[in-house]
Amino acid sequence: MRKYSEIIITGSFLIGAFLSGQSQEKIIFEENFNGDKLDMSVWNYEEGDGCPNLCGWGNNEEQIYDRKYVEVKDGNLVITAVKKDGEYYSGKINSKNNVEFTYGVIEVRAKIATGKGLWPAIWMLGANISEVGWPASGEIDILEYIGRETGTVFTSLHTPASHGNTINTKKTKIKDIEEGFHTYKAVWTKNYIEFFVDDEQLYRFTPEKYDDKHYPFRKDFYFLINMAVGGNLGGAEINDQALPDKFYIDHIKVTELPEDL
């Protein structure tokens with residue numbers, strides 16, 4: 001596993017220190033999706049329908065994940081949702097065991113897919129999920145969008161205290177969120193997590209207590225990027241005429257927290 005304290009440079013990402021101009025900005029992780037293929041030293045594919053252990057991926061989702069619907073093209077990660085031979089397909093990747101870190105300013109520039117029934121997301125899970133399960137691992141949802149609620153962005157946190165339910169959350173109406181690329185940001189600190197879109201503050205979560213049940217966010221987490229189809233949040237109604245539809249991620253950058261946070 002690569003930790004941010006290491007100084008490692010490859011063609012597609014950087015972990016370590018980076019100096020820019022007169023200011024000092026320590027980059028924990030950076031992925032610009034250059035080249036023509038996914039960097040498998042950073043990312044893992046998740047495939048299938050979740051069965052037999054987690055059919056429908058725990059949310060009654062309709063899609064089968066297949067790496068064929070994940071590509072790197074023109075400086076973007078592109079995840080495509082399609083309907084083929086009566087089945088829905090899409091893509092999902094994660095950075096488990098490869099890139100995991102604790103705290104930072106997380107910035108993602110992305111263009112969402114907007115078809116009804118689609119559910120593009122950029123999120124994080126606690127790296128200890130294999131040992132403690134979910135929701136004990138904690139979950140940080142940097143971006144969720146669902147095509148059945150146009151003009152709205154979801155930013156959420158899942159904890160054991162909420163029994164995994166979406167209680168610590170904010171739905172925000174954002175004009176033209178479906179148009180072009182936008183920057184989604186999470187400021188993750190020891191004591192709170194705050195979410196932004198295009199530098200506009202959306203939601204700040206400060207727990208009632210600082211224990212593992214209320215704030216399971218003082219440990220390493222890893223990234224997940226996917227686009228679900230249907231499901232509990234995506235909705236039962238899927239607009240097949242909107243398919244194929246594409247979810248674009250231009251870059252992900254994680255920088256060390258400023259000293260005053």
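Student: What's the relative accessible area of Glu 25?
Tutor: Glu 25 comes out at 29%, so it counts as partly exposed (buried is under 20% relative accessible area, exposed over 50%, partly exposed in between, with a 1.4 Å probe and protein chains only). Keep in mind that this is a predicted model, where local features need pLDDT of at least 70 and side-chain atom pairs pLDDT 80 or more, while totals for chains, interfaces and linings use all residues. Numbering runs from 1 along each chain as its sequence is written, and side-chain values use heavy atoms, without hydrogens and water.

Student: Which residue does Glu 25 form a salt bridge with?
Tutor: Its partner is Lys 253, and the closest N and O atoms are 3.8 Å apart (the cut-off is a Lys or Arg side-chain nitrogen within 4 Å of an Asp or Glu carboxyl oxygen). That pair ties together distant parts of the chain, with Lys 253 in strand β22 and Glu 25 in strand β4 (residues 23-25), 228 residues apart. Strands (E, at least two residues) and helices (H or I, at least four) are DSSP runs, numbered from the N terminus.

Student: And what does Lys 26 pair with?
Tutor: Lys 26 meets Glu 256 in a salt bridge, at 3.9 Å from N to O. Here too distant parts of the chain are linked: Lys 26 is in the loop between β4 and β5 (27-31), Glu 256 is in the segment after β22, and they are 230 residues apart. Lys 26 is partly exposed because its relative accessibility is 29%, and Glu 256 gets that label too because its relative accessible area is 37%.

Student: How many salt bridges does the structure hold?
Tutor: Ten.

Student: OK, new topic. How many residues are in the largest nonpolar core?
Tutor: It has 58 residues, and Trp 188 and Phe 247 have the most contacts inside it. Strand β21 (residues 221-229) gives the most to this core, five residues. Another core, of seven residues, lies apart from it, including Leu 125, Ala 127, Ile 129 and Tyr 222. By nonpolar core I mean a set of buried Ala, Val, Leu, Ile, Met, Phe, Trp, Tyr and Cys residues joined through side-chain atoms within 4.5 Å.

Student: Now the backbone. Which residues does a cis peptide bond join?
Tutor: Cys 51 and Pro 52, with omega about 5 degrees. Pro 52 sits in the loop between β6 (44-45) and β7 (63-65). Leu 243 and Pro 244 are also joined by a cis peptide bond, with omega about 0 degrees. Pro 244 is in the loop between α2 (231-234) and β22 (245-255).

Student: What's phi like at Tyr 103?
Tutor: Phi there is near 75 degrees, a positive value in a residue other than glycine. You'll find Tyr 103 in the loop between β12 (100-101) and β13 (104-111). Asp 199 isn't a glycine either, yet it has a positive phi of about 70 degrees.

Student: Where's Asp 199 found?
Tutor: In the loop between β19 (193-197) and β20 (200-205). Asp 199 counts as exposed because its relative accessibility is 60%.

Student: Last one: why does Asp 85 count as exposed?
Tutor: Because its relative accessibility is 73%. Asp 85 lies in the loop between β9 (76-84) and β10 (87-90).
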